[in-house]
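Work through the two exercises below with the sequence and the structure at hand. Try each task before you read its solution.

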Protein chains: 2
Amino acid sequence: MIAELKELRQLTADENGAQRVAWTDTWLKAREWYATKLADLPVEHHLDAAGNRWVTLAGESEKALLIGGHLDSVPNGGWLDGALGVMSGLEVLRRISKRYDGKPPVTIRLVDWADEEGARFGRSLFGSSAFAGTESIEADRVRTDRDGIRLEDALRRCGIEIDRVREARAEQKNAAAYLELHIEQGPVLESLGLPLGVVLGTKGVERHAITFHGQEAHSGSTPMRMRRDALACAAKLALYIREIAGKHPEAVCTVGSLKTFPGIVTAVVGRCEMTLDQRDLDAAVLASMYAEAQAASARFAAAEGCTVEWSRIWNIEPVPFHPQLLDYCDHAVMETAGQSHRLPSGPLHDAAEVARAGIPTVMMFVQSLKGISHNKIEDTKEEHLELGLEALDKLAAKTMEWIRA
Amino acid sequence: MIAELKELRQLTADENGAQRVAWTDTWLKAREWYATKLADLPVEHHLDAAGNRWVTLAGESEKALLIGGHLDSVPNGGWLDGALGVMSGLEVLRRISKRYDGKPPVTIRLVDWADEEGARFGRSLFGSSAFAGTESIEADRVRTDRDGIRLEDALRRCGIEIDRVREARAEQKNAAAYLELHIEQGPVLESLGLPLGVVLGTKGVERHAITFHGQEAHSGSTPMRMRRDALACAAKLALYIREIAGKHPEAVCTVGSLKTFPGIVTAVVGRCEMTLDQRDLDAAVLASMYAEAQAASARFAAAEGCTVEWSRIWNIEPVPFHPQLLDYCDHAVMETAGQSHRLPSGPLHDAAEVARAGIPTVMMFVQSLKGISHNKIEDTKEEHLELGLEALDKLAAKTMEWIRA
């Protein structure tokens, strides 16, 4: 698996990192390379209507264990994000095929999701949402990339007809469980000295644009007491969201962007625009954090003689994974690494879409070095990648047994 | 005077405001119009080597009372900023000429400074600094405007040779005092319900660019406790500078620009750039505020696991005006408006350059509506403009007497 991941990197990365952006030539090259790896296996494979590639090893039961990942990357991405899921899944499928002489007790289906990252058209989880029936193709069809190329035309070039995308939902048939191994993309496991972790689910997200309106004024001639400084409101909120998050063990709140207008050295800030991204695995916690930030922003605005407006950029509910599969994953990690840890995923994953479709789902994380991803320096120790593969194999075995039962 | 100010506005403003940017055709048109106003007066007038226009009404003594302002404006500027000084000076000169039958006890010199605003080439107080001998022409000669036109060439088009600019210093000869009437450009007098104020001097300025370096990180996968958030440092400093300023009655501290990098909704801010502008009339206060902000920034950076860098953009020392002239100005305002108020000027003015040359100087402010300037809506009540003219006339009389004595 590691040798194959390196082979893929060799084929699809340049000096700035992985360039497997979905619907580009480099992505197609990665997928062709992947198809060559299937040649010697007793599997059927095809692209579904949304461009997801399905590899099926038929079992005694039609009930299917799904294992997945995505070969697409962000521009200048890492070698493991997504690709680890596909290549570890392939290795587990090979082992199962060998173990059961080509006919396992349940069907094994490996999926390479199309366009998890949404890097080119801004629509992430493209293929998995089509599978789950949560796609938004009517809204997405007007999307263009930075060169003005329409999503529809980019899809057609890859053999996908936009009007048929939602037929990918047919692949849900017989799906009994879904497993995905992924790098953590965060610093938690490394800070705990653990190679592997069990993912509780993907956090819900509330993402908002907040604008404070004050009064632009001359920095030299306007006394402090007569100012209506929009930046002061924003600064208070940027600090207060840390107190809001601090009340909940796994919650995060982030101000990622803050812009000042007119934004010149000699003017009190008349308008300040900021973004707020809040996440938690508990929908009630998320709702309370959102309400608390709104209330605080109104207090800060009033205290500074300013006004505030909120506008939702995006939100998604938390997606908790399946309790029985969480336990199996815990056991598999314990048996492999001696110690386990349960943690939520801040980033979204295709697994969240599969879970939203009602299919029992769990993910396993392998430690990321320095918590860095979406970057050419993204890395994981090779022995940890090996442990991840072993644990995924054990988890797959437990899950097959559960499906059969 | 008011009729003439309106005439000037009619001639040089468009729907966006005054367009008398120095070294442009509209500015030259304003100056030509102004020259026509001098035709019936017993005065000599000429441009000096820096483009300042001097109008001289010879008196019994060669010792000269200088009164000034500037006809140039920012783009989309107001009708009073600068022009009030020139046109009120002209009206006072007319009255003195009439009062003394063309031969006052001391010489009266009216000056229209060239390029106070620095709007086109970024060098404010151009003409007055040449007069004061504080010009920086060697550094300024490489300046270009946004179209790439060199300062040197723009000057030549207006009849000014850059290599001779510093000869403007010769105009200091016999200068005994300098007076300037200007709109406040701030909200203080309006908030006190006063038409006129005595300007204590121009505040010193410390202007810095501050950069906090933290660690860019994924907003979803990075727990709050593991973040090194550069924005948190900047937010703390943006709030703390208000406490620093609050310790001193007239001090101001402003964060006018704050920029976040990478500045996207899903990333903890790895780098934050901000500007800080600090002003006070007392050099010791200014120095202590600067030191306090630096120390605070280092504390905030350390507390957040970040680092901080400072880089000076610009600074200037405070320029207090002349004590005797402050008293005369106070009396003139009292006699005219019944009540006076002393206040420092946050914005710089040509008067600061004149004072730096060792010439006794004072300014008088007339109330600005809403404290707004550098904008087409800049305005002052006409009765206040009239009071300003009366008080300037009285101040000129007192100062002439003082010079003669």
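The model is predicted, so local features need pLDDT of at least 70 and side-chain atom pairs count only at pLDDT 80 or more, while totals for chains, interfaces and linings use all residues. Residues are numbered from 1 along each chain as its sequence is written, chains are lettered from A in the order in which they are written, and side-chain values use heavy atoms, without hydrogens and water.

**Exercise 1.** Describe how strand β4 of chain B is covered and paired.

Step 1. Strands here are DSSP runs of E with at least two residues, numbered from the N terminus. In β4(B), residues 53-57, five of the five residues are buried, that is, under 20% relative accessible area with a 1.4 Å probe, protein chains only.

Step 2. In a regular strand the side chains alternate between the two faces of the sheet. On one side of β4(B) lie R53(B), V55(B) and L57(B), on the other W54(B) and T56(B), and all are buried.

Step 3. Two strands pair if DSSP finds at least two bridges between them. β3(B), residues 44-47, runs antiparallel to β4(B) with four bridges, and β6(B), residues 106-112, is joined to β4(B) by five, also antiparallel.

Step 4. V55(B) stands opposite H45(B) and has L110(B) as its bridge partner in β6(B).

**Exercise 2.** Find how chain A is laid on chain B.

Step 1. Superposing by least squares on the C-alpha atoms of residues with pLDDT of at least 70 in both, a turn of 180° and a shift of 0.1 Å along the axis give an RMSD of 0.1 Å.

Step 2. The two copies are therefore related as by a two-fold rotation axis.

Conventions: Buried < 20%, exposed > 50% of the residue type's maximum accessible area, 1.4 Å probe, protein only.
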